[in-house]
Amino acid sequence: MAKAFKYGLKGITGFLEPAERELLRSLIDDVISMLQPAEHTSQDPLAALIGLDMDVQEPTDRAVKRLLPNVTKNDDGASLEFRQLTERSLRETKIGALRAAALDLDRDEVVLTAEGARFWSMALNDVRLVLAERLDIRDEEDAEHVHLMQDWSQAEDVESYLALVYNFTTWLQESLVQAMLQSLDSRA
């Protein structure tokens, strides 16, 4: 069974069983595949080099849209322009954090530097956003409903299984954030 992240002499450490690591690796791989930018055969090489994507459109998948939201609610043109200028680099940053976290899943004990903890925090947040979208969590009441699902033996369908996975990643992220705060306190 996983042990919460803690801050100590070795840095921020946590422990994950092989099945938990495989689950996280699978979730991370799924999110990476969702974030892979589209390949354009006719893209301007200079634009690609500096991260511009003038062909980008607002995502149609709600989970991808939650990962890459519009910057304004009432100005589609401004949101699209911002998306063209930033989305490729944002996708690459998110994919980089997800891959960095996945590299730490080769061992039961996860030992993180400050930068590694930041990558893990970003990766877990993106995994949780996708799970929350798939579970249709829209408000506090929805979140409470999902939080009630705590026992793996009660998982009877895809939704209850996803709720358990969501709760596991939430617990993991909360323990990581607490450990990160403890590391900051120790430096002060």
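Tutor: Start with aspartate 139, in the loop between helix H5 (114-134) and helix H6 (140-147). Keep in mind that this is a predicted model.

Student: Is aspartate 139 buried or exposed, or partly exposed?

Tutor: Aspartate 139 is partly exposed, at a relative accessible area of 42%.

Student: Which residues form the negative surface patch?

Tutor: Asp139, Glu140, Glu141 and Glu144 form that patch. Asp139 can belong because its relative accessible area is 42%, and patch residues need over 30%.

Student: OK, new topic. Which residues make the nonpolar surface patch?

Tutor: Leu46, Leu49 and Ile50 make that one, and it covers about 360 Å².

Student: Where is isoleucine 50, then?

Tutor: Isoleucine 50 sits in helix H2, which spans residues 45-50. With 55% relative accessibility, isoleucine 50 counts as exposed.

Student: How many residues apart in sequence are isoleucine 50 and arginine 88?

Tutor: They are 38 residues apart in sequence, and their C-alpha atoms are 9.3 Å apart in space.

Student: What about glutamate 20, where is that?

Tutor: Glutamate 20 is in helix H1, residues 18-35.

Student: Which side chain of opposite charge is nearest to glutamate 20?

Tutor: That is arginine 21, 7.2 Å away. Glutamate 20 is buried and has no salt bridge.

Student: What does the side chain of glutamate 20 reach?

Tutor: The side chain of glutamate 20 reaches the backbone nitrogen of glutamate 17 at 2.7 Å.

Methods:
Residues are numbered from 1 along each chain as its sequence is written. This is a predicted model: local features need pLDDT of at least 70, side-chain atom pairs count only at pLDDT 80 or more; totals for chains, interfaces and linings use all residues. Side-chain values use heavy atoms; hydrogens and water are left out. Patches are made of residues with over 30% relative accessible area and no salt bridge: like charges are joined within 9 Å, nonpolar side chains (Val, Leu, Ile, Met, Phe, Trp, Tyr) within 5 Å. Accessible areas come from the Shrake-Rupley method with a 1.4 Å probe; for residues, only the protein chains shown count as cover. A salt bridge is a side-chain nitrogen of Lys or Arg within 4 Å of a carboxyl oxygen of Asp or Glu. Lys and Arg count as positive and Asp and Glu as negative; His and the chain ends are not counted. The place of a charge is taken as NZ of Lys, CZ of Arg, CG of Asp or CD of Glu. Helices (H or I, at least four residues) and strands (E, at least two) are DSSP runs, numbered from the N terminus. Buried means under 20% relative accessible area, exposed over 50%, partly exposed in between (1.4 Å probe, protein chains only). A polar contact is a pair of N or O atoms within 3.5 Å; within protein, one must be able to donate a hydrogen and the other to accept it, and residues adjacent in sequence count only if both atoms are side-chain atoms.
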